[in-house]
Amino acid sequence: MSSMDYCLYSYSDLPLEIVLHIYKYLGYSDLLAAGTTCQRWRSALYHTEFLARTRVRFSKIVLSDQHSPALDLMRCERRFRHFLFEDVTLGQVQELMTFIGESAHSLSLDNVDLNDKQFYGILSLLPHLQILSVTRCLPLFMSATFLDSNSCDLNEISANLLSIKELTICKNQYLTDAILLRLTALMPNLELLNMSGCQISFHNAIHRRFYPNEPSTPSESVLTFKYIQNVLSQQRRLLHTLDFSHTLIGHSLMALCELTKTDEHAQPGLQLRRLYLAGCRQLNASTIRSFLCTQSQLSVLDLSSTMCLNDDCLAVIVQANPLLQDLKINACSGISNTGAANLRNLSRLRLLDISNCDGINSSGIIDGIARTENNVLQELNVSYLTICEESIKSIARNLHALRSLHLNHCVNAVTDEVMQLIINHLCWLRELSLESCCRLTDAALTGINIAKLELNRSSAIGNFYPPSDGFSGSLQSIKISLRSKAEEEIVRDAKRKQAMFAAYEMNLINEEDFEGHNIQELRGLRSLNLRGCNKISDVSLKYGLKHIELNKLLLSNCQQISLLGMDALVNNCPAIEVLDLSDCYNISDQGIKIITEKLQRLRSLDISGCSQLTDHTIDAIIVNCECLETLSIYRCRRMYTDIEDRLSGVRTLRNLHMDNMNNIDNAEFFRLKKRLDC
């Protein structure tokens, strides 16, 4: 086929099947952009698979049928399945909920101000609901007659609740035994129950106080584990996910062992696939061992911050739960290298979080998960571990399938050499976090040979710092033994900075200077955390960061970054949605102007501590930011003119963080509420 024949075709001629396959690799913002290219690509967005991936989120607004954004949604041709109401006040929403009910499969209510009557009305309009989440909705459960058949007609909502498979009722302090039983009785097919953060009474003495004579009517005053156990017993046939994170569950977990047995009606026992017990500090090792030995089908286990977890317990978990795919045991100080070494026996593990485990060091990594080649593990977090360079090298050489790698605060382990090895071997990385890895320099991200650069460019950049002979001679003449190593490091760092800056400003960096690997080789990188890497400069932003898919970049305390770097960044990484430039004190108003003009997808911007910024920065944000949701401007002392009033014009802004105020919601929220109240 000739080149002229190729010109006869365009991307709009691609078959729908190929377009759908391309869409599988795109995030939400990319999908929206792709849908604007042509009619065929737009119609692909209506495909069931992508509607299932999209969630409509209402945050910090007053919803009403008569005003935007409710009106905007009801004009939309697409029908969405998943909806989140976060910090929302409900006005008259009968038409909106009727529209949502035509397609809604999941509904999440987080800190929504609604009463039981409004709740009944909403549920009656959602006939296809399968997932219900009610979080921090305190007024809802304050009514003692919630879902009481004597005070309301349940016929309208009971049919809609039969199909619910997942129920989340976390962080609701007024939840009681009576409410829980009435609610779950209407949902006989539960597969997931999330009660994390609820105030559950586990002690038998409390149960005896409220139930002196058994059996008795469920209490309207307390939530006890014994009644939760009754609910689990009734739902155990289908239930496969439990979440009791951040509760006081301890020895009571043993009571669930009885539910794992087949009952007298030959009903199967409780067999969980996902169990979340993060932050449950009342647990002990024997309880965990005993219960997990009965759960051989577990694929996801979260025991983060459970202080009792030790090596023996972890060995039992590895042996009894060979199907584990996700394991979180971060901040479990009882685990040592012996326990970490056992993790290599989990052949199906895809996610592992062992961050903040003080007892694990390099040996635990080298003899454990990174001992042999592993093409299954995709996400690894070893942040805050006291490990050496060799352990990270083992990770890079053996864990080739990694998509996410967190190395935060591994100060001694992450060097330029290690970073070069990561870039060379872990080509599939999508998320890389290197917070406070302060030994990293521009050479780590660009592959530039700084020593050669200093040598070859010395004549061109000699004016940028004092002659080397005189400088070195003065050091030799002082000879302060206690400070000599520190002085040498300071001098080397100063020379490195001067050489890099001079070469950058004079455009003296050529192709032959790139002798190592460049972070550009991680073509699919979407999230990069370089907070506290204070040796990173504009050079990395110009010659390293060239990622069209990068949507999250954290550069806090990278104080050598300036307008030059920002100008290169916005052109090389146009898809950035989250940008952190806090405490980058060389950032100016002109830099923010460039950022807000070029980064059209920007949703979150943190410029706290950027002391050069003035009210001109606020002007640039107001004029250019059409998608901004979160803005942080702590310690920006030169901004002071009616900030909140001026930013109220940014209609998408939902969170404003500034000095002397915790959070300021969009002023449109209050204006709309005032109109509704009239």
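In which sense do strand 5 and strand 6 pair, and over how many bridges? The views below come from a predicted model.

**View 1. Strand 5 pairs with strand 6.** Strand 5 covers residues 106-110. Strand 6 covers residues 131-135. The two strands pair in the parallel sense, over five bridges. Look for Leu 107: its bridge partner in strand 6 is Leu 132. Strand 6 is mostly covered, with four of its five residues buried.

**View 2. Helix 10 meets helix 12.** Two packed helices are described by the angle between their axes and the distance between the axes. Here the helices are helix 10, residues 177-185, and helix 12, residues 225-235. Their axes come within 10 Å and cross at roughly 10°. Angles under 35 degrees count as roughly parallel, so helix 10 is roughly parallel to helix 12. From helix 10, the contact uses Asp 177, Leu 180, Leu 181 and Thr 184. From helix 12, Tyr 227, Ile 228, Val 231 and Gln 235 take part. By class, this contact has five nonpolar, two polar and one charged residues.

**View 3. Helix 12 has a buried face.** Its buried residues are Phe 225, Tyr 227, Ile 228, Val 231, Leu 232 and Gln 235. Seen down the axis of helix 12, these residues fall within an arc of 160°, so they line one face of the helix. An α-helix has 3.6 residues a turn, so residues three or four places apart point the same way. What covers the buried residues of helix 12? The cover includes helix 10, strand 8 (192-194), helix 11 (204-210) and strand 9 (241-243).

**View 4. Helix 25 meets helix 26.** Helix 25 spans residues 563-572, and helix 26 spans residues 589-598. The axes come within 9 Å and cross at roughly 5°. Helix 25 and helix 26 are therefore roughly parallel to each other. Helix 25 brings Leu 563, Met 566, Asp 567, Val 570 and Asn 571 to the contact. Helix 26 brings Gln 590, Gly 591, Ile 594, Ile 595 and Lys 598. By class, the contact has five nonpolar, three polar and two charged residues.

**View 5. Thr 260 sits in a loop.** The loop runs between strand 9 and strand 10 (274-276). Is Thr 260 buried or exposed? At 17% relative accessibility, Thr 260 counts as buried. Leaving aside neighbours within four places in sequence, Thr 260 is in contact with Gly 269, Leu 270, Thr 294 and Gln 295. Now find Ser 233. Thr 260 and Ser 233 are 27 residues apart in sequence and 9.4 Å apart in space, C-alpha to C-alpha.

Conventions: Residues are numbered from 1 along each chain as its sequence is written. This is a predicted model: local features need pLDDT of at least 70, side-chain atom pairs count only at pLDDT 80 or more; totals for chains, interfaces and linings use all residues. Side-chain values use heavy atoms; hydrogens and water are left out. Axes are lines fitted to C-alpha atoms, for helices over the stretch in contact, and angles run from 0 to 180 degrees between N-to-C directions. Angles under 35 degrees count as roughly parallel, over 145 as roughly antiparallel, 65 to 115 as roughly perpendicular and the rest as oblique. Contact means heavy atoms within 4.5 Å. Ala, Val, Leu, Ile, Met, Phe, Trp, Tyr, Cys and Pro count as nonpolar, Asp, Glu, Lys and Arg as charged, and the others, Gly among them, as polar. Buried means under 20% relative accessible area, exposed over 50%, partly exposed in between (1.4 Å probe, protein chains only). The arc is that of the directions from the helix axis to the C-beta atoms. Two strands pair if DSSP finds at least two bridges between them.
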